[in-house]
Amino acid sequence: MSTLRLTGGFVIDPAHPADGAHPGDGVRDLCVADGRIVAMDPRAPVDEEVDARGCVVMAGGIDLHTHIGGGKVNLARLLLPESHRQGDDGACNEGCVPSTLDTGHRYAQMGYTAAFEPAMVASNARHAHMEMGDTPILDHGAYVMLGNDELFLQLLSEGGAGGSNFEPIRDYMGWTLHAARAMGVKVVNPAGISAFKFNQRKLDVDEAHVRWQVTPRQVVHTLARALRELGVPHPLHIHGSNLGVPGNIESTLETIRALEGLPAHLTHVQFHAYGTEGPKKFSSAALALAEAVNAHPNISIDVGQIIFGQTVTASGDTMRQHAQAGFGSPRKFVGADIECEAGCGVVPFRYRERSYVNALQWVIGLELFLLVRDPWRVVLTTDHPNGGPFTSYPHLIRLLMDRSFRQEQMARLHPDVAANCALGAITRELSLHEIAIMTRAGPARLLGLADRGHLGVGAAADIAVYREQADREAMFQVPEHVFKDGTRVARAGRIVAAPVGGTHFVEPDYDRGIEKTLRAHFARHGSVNFERMAIGHDELCNCCNGGRLLPAACFRPGP
């Protein structure tokens with residue numbers, strides 16, 4: 001049994017507030033045995049002791065929404081070969097979409113130990129799992145895309161307004177989660193990707209799909225209800241209607257109403273919080289969205305903060321990506337589809353401080369972080385790589401924790417934005433405790449990861465040790481130590497070990513009778529043999545490079 005003791009560090013563990021059983025945040029020792037946090041006599045000998053005095057100790061970071069595996073990521077890499085060049089110093093510049101190796105290393109170098117791919121297509125699930133399995137160190141998982149596939153829309157349409165096909169839809173979702181070894185379900189532009197294939201260029205929440213005559217409202221509510229009845233811990237992951245369109249705040253608020261109290265997670269909401277006020281008919285609606293989130297405890301969000309500079313946008317939302325292709329920088333575009341299940345659009349983009357639209361997007365994201373009151377329902381993301389690369393997280397953390405730095409950065413913006421935005425009047429500065437929630441404890445809770453995101457007894461020993469510094473960007477850029485399951489993987493920015501990460505997924509119960517319907521559908525419309533769709537446990541282990549399988553427990557299903 002290997003043992004480790006971190007001594008004298010300031011431990012921040014929001015999942016365990018101070019009470020009779022837990023000490024809360026404060027200076028104390030942390031003990032590890034065989035990859036788990038344990039209670040240990042302070043006088044007991046250990047194999048290794050690490051002096052953490054002057055350091056902040058947190059659980060390993062968890063990125064709930066980051067595009068790191070699957071077809072669109074490779075398309076993004078292929079589209080920008082000029083960003084993958086060897087520099088004069090011999091080092092490889094991996095650009096805004098790093099390789100699998102570099103992705104794992106860079107996350108670990110910042111203190112992150114888990115990352116989740118938010119847009120896995122069921123027919124391409126093996127590739128997504130293999131790519132994530134090739135990403136060292138990080139535990140991982142993925143959300144499978146539903147809500148634009150032809151079978152779902154057909155069942156929903158045939159069920160009519162009364163929803164008579166709900167049980168087959170629920171069981172189809174259960175089978176898809178099982179077959180793809182997914183952690184949850186993602187819907188992108190509900191029914192809109194499919195509508196685009198029928199030349200419908202817009203689909204608002206209550207507009208009918210030209211072919212199936214169903215609305216995004218029906219799609220969202222049905223998916224969210226089915227996930228609740230299946231007992232899947234992570235609520236429906238929603239990329240809403242009208243991404244990036246001025247005035248789309250109304251669609252976002254209607255999507256929240258469509259849920260009728262069902263739990264849901266709205267993703268990259270910065271792109272869905274736009275008004276039409278002002279001379280340019282483009283304005284921040286962050287306050288309206290924040291008020292809605294504050295008033296609806298069933299809703300959680302991640303922000304999708306933009307970061308100035310070159311990146312590439314890679315999304316399943318073919319409709320919106322096609323509309324934005326003309327703004328690409330450089331002017332390149334890839335659109336793709338597979339099995340008529342979803343879509344894919346890839347557009348390079350450069351966010352500029354002196355652009356009115358880009359500056360306002362930057363402001364809106366920060367306003368959302370600072371206006372939503374409950375940090376447990378806000379996750380720190382850039383929607384990597386869409387808003388910017390995940391490597392910019394330390395910079396984003398400093399913006400949220402340091403108002404004076406925020407104001408310095410605002411002075412560089414387009415003057416009309418800097419002079420009129422509400423961000424300048426917001427005095428809130430996030431605390432280290434709140435950052436630990438948004439980057440660790442909160443994502444773990446939203447994903448149902450009982451032994452991750454905290455430092456309580458029995459938790460996985462995923463630990464990041466940061467040297468206390470006034471400059472929070474420097475502090476979070478390079479931890480002193482990073483441990484994955486008790487093994488040191490990074491020391492002062494240098495990777496010292498690269499274990500294979502584990503794979504998170506759910507195994508909901510469902511009626512196997514749905515397979516008769518699925519077999520007939522795939523035989524008639526698919527190019528993949530139905531018998532080869534489902535990924536078995538042994539195959540999943542092979543896909544994921546021999547990493548551990550980490551099934552997440554479903555809660556007791558109920559209506």
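## The largest pocket

The largest pocket of this predicted model holds about 590 Å³ of space. On a 1 Å grid over the protein atoms alone, a pocket is an open set of points where a 1.4 Å probe fits, with protein on both sides within 12 Å along at least five of seven lines; lining residues have an atom within 4 Å of a point. Grid points are joined across faces, edges and corners, and the volume is the space filled by probe spheres set on the points.

The largest pocket is lined by 31 residues, of which Leu243, Gly244, Phe271, Gln324 and Gln361 are the closest to its centre. At least two lining residues come from each of strand 11 (184-188), strand 17, helix 10 (318-324), strand 19 (344-351) and helix 11. Helices (H or I, at least four residues) and strands (E, at least two) are DSSP runs, numbered from the N terminus.

## Basis of the model

Residues are numbered from 1 along each chain as its sequence is written, and side-chain values use heavy atoms, with hydrogens and water left out. Because the model is predicted, local features need pLDDT of at least 70 and side-chain atom pairs count only at pLDDT 80 or more, whereas totals for chains, interfaces and linings use all residues.

## Aromatic pairs

The structure holds eleven aromatic pairs. Rings of Phe, Tyr and Trp (its six-membered ring) pair if their centres lie within 6.5 Å; planes under 30 degrees apart count as stacked, over 60 as edge-to-face and the rest as tilted. Tyr112 and Tyr393 form a tilted pair, 5.7 Å centre to centre with 45 degrees between the planes. Tyr112 belongs to strand 9 (residues 112-120) and Tyr393 to helix 12, so the pair ties together parts 281 residues apart in sequence. Both Tyr112 and Tyr393 are buried (under 20% relative accessible area, with exposed over 50% and partly exposed in between; 1.4 Å probe, protein chains only).

Phe308 and Trp362 form a stacked pair, at 5.8 Å centre to centre and 25 degrees between the planes. Phe308 lies in the loop between strand 16 (299-302) and strand 17 (309-315), and Trp362 lies in helix 11 (residues 356-371), 54 residues away in the chain. Phe308 counts as partly exposed because its relative accessibility is 21%, whereas Trp362 is buried at 3%.

## Ring cluster and charged ends

Ring pairs join Tyr107, Tyr112, Phe390 and Tyr393 into a cluster. The charged end of Arg440 sits over the ring of Tyr112, 5.7 Å from its centre. That of Arg225 sits over the ring of Phe166, 3.6 Å from its centre. The criterion is NZ of Lys or CZ of Arg within 6 Å of the ring centre and within 35 degrees of the ring normal.

## Helix 12 and Ser392

Eight of the nine residues of helix 12 are buried, among them Tyr393, Pro394 and Arg398. Ser392 is in the loop between strand 20 (378-379) and helix 12 (393-401). Ser392 counts as buried because its relative accessibility is 9%.

Apart from neighbours within four places in sequence, Ser392 is in contact (heavy atoms within 4.5 Å) with Ile307 and Thr382. A polar atom of the Ser392 side chain lies 2.6 Å from the backbone oxygen of Pro389.

How values were computed
Polar contact = N/O pair within 3.5 Å; in protein donor to acceptor, adjacent residues only side chain to side chain.
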